Amino acid sequence: MLLHTYRSFDMELPTVDLREADYVILGLPYDGTTSYKPGARFGPVLIRQATLNFESYILDYNIDIAELKIADAGDVSLPVNVEDSIRVAEETIRELREVNPNAIPIFLGGEHSMTYAPVKVLKPKSYVVFDAHLDLRDEYQGSRFNHACVARRISELGVKVAIFGVRSGTKEELIYAEENGIEWVHARDYSYEAFVDLVLSMPEPIYVSVDIDVFDASLVPETGTPEPGGLRFWDVVEALEWVSERKDVIAFDIMEVSGDKLGNITALTAGKLLFHILGMLGEFR
Ligand SMILES: [Mn+2]
């Protein structure tokens, strides 16, 4: 076990030791800056538990993900303060890289605020994110590391940012995006072609983040800030298939799953997406 981690819930999937893994799952169960619906600290457990419902054989890729070398590194034990939590998450991810520098990590969350940690450690050149929100605020509710600021903090690291499925933001965020070359696609204008057009020219390696609230609120009611008018499940899967096959993706995350009931719809959506990501990695990598 990595320092500062604990085992929260075992998936039914066979797992291997971290040192031998091609893919590694790590939970970031933080919800200290949640502004609307609480419970994201349970996201990683809820996602793993929801996967009990799914076949490990993925029809789409004719692949059984039970045959892949997957490690589950557990969840990071995160303190209350957001900046302290980011620091502990960074330390844990650095340690994970020392033990196995080659495994592709898939982080489960937990608030989107935590995505800053893996991006800072893994140093991608681009950040491709599916999100209902721009997350480009400079500060929110007294913190510059609030979940509503994460894309801005990441862009300040010099990482190229593109955001897909947006339907919520402020004038200030639009101006920041415009002035800093941040591309974004409204959920109403989203298409596979729009995604490919934008991501094709983005520098590699790429970090791919899925804020679960990008999906229509009907698919993901249990999330910190649900928004109607979102993407369909297959919109996101098809985009991830393209980017996994065509670009150098160094890590994925699925964030902002919350709730306090096992088997909630949001966790099922996230668990299904997790299995599809593993399936496409097995197929394309
Ligand atoms: Mn969001």
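Reader: Why are α6 and α7 called roughly parallel to each other?

Author: In this predicted model, helix α6 (residues 192–199) and helix α7 (residues 233–246) pack at an angle of about 30 degrees. Angles under 35 degrees count as roughly parallel, and α6 and α7 are therefore described in that way. Their axes are 10 Å apart, and α6 passes α7 in a right-handed crossing.

Reader: Which residues of α6 and α7 meet?

Author: From α6 come Tyr192, Phe195, Val196 and Val199, which meet Glu238, Ala239, Trp242 and Val243 of α7. Seven residues of this contact are nonpolar, one is charged and none is polar. Glu counts as charged, and Glu238 belongs to the α7 side.

Reader: What makes β1 and β9 the edge strands?

Author: The open sheet has nine strands in the order β1-β5-β2-β6-β11-β10-β7-β8-β9, with mixed pairing. Strands β1 (5–6) and β9 (183–186) each pair on one side only.

Reader: How do you know that strand β7 and strand β10 pair?

Author: Pairing requires at least two bridges between two strands. Five bridges join β7 (residues 126–130) to β10 (residues 206–211), and these strands run parallel; the two therefore meet the criterion for a pair. One of the bridges links Ser126 with its partner Ile206 in β10.

Technical notes. Residues are numbered from 1 along each chain as its sequence is written. This is a predicted model: local features need pLDDT of at least 70, side-chain atom pairs count only at pLDDT 80 or more; totals for chains, interfaces and linings use all residues. Axes are lines fitted to C-alpha atoms, for helices over the stretch in contact, and angles run from 0 to 180 degrees between N-to-C directions. Helices (H or I, at least four residues) and strands (E, at least two) are DSSP runs, numbered from the N terminus. Angles under 35 degrees count as roughly parallel, over 145 as roughly antiparallel, 65 to 115 as roughly perpendicular and the rest as oblique. A crossing is left-handed if the near helix is turned anticlockwise from the far one by less than a right angle, and right-handed if clockwise. Two residues are in contact if their C-beta atoms, placed from the backbone, lie within 7 Å.
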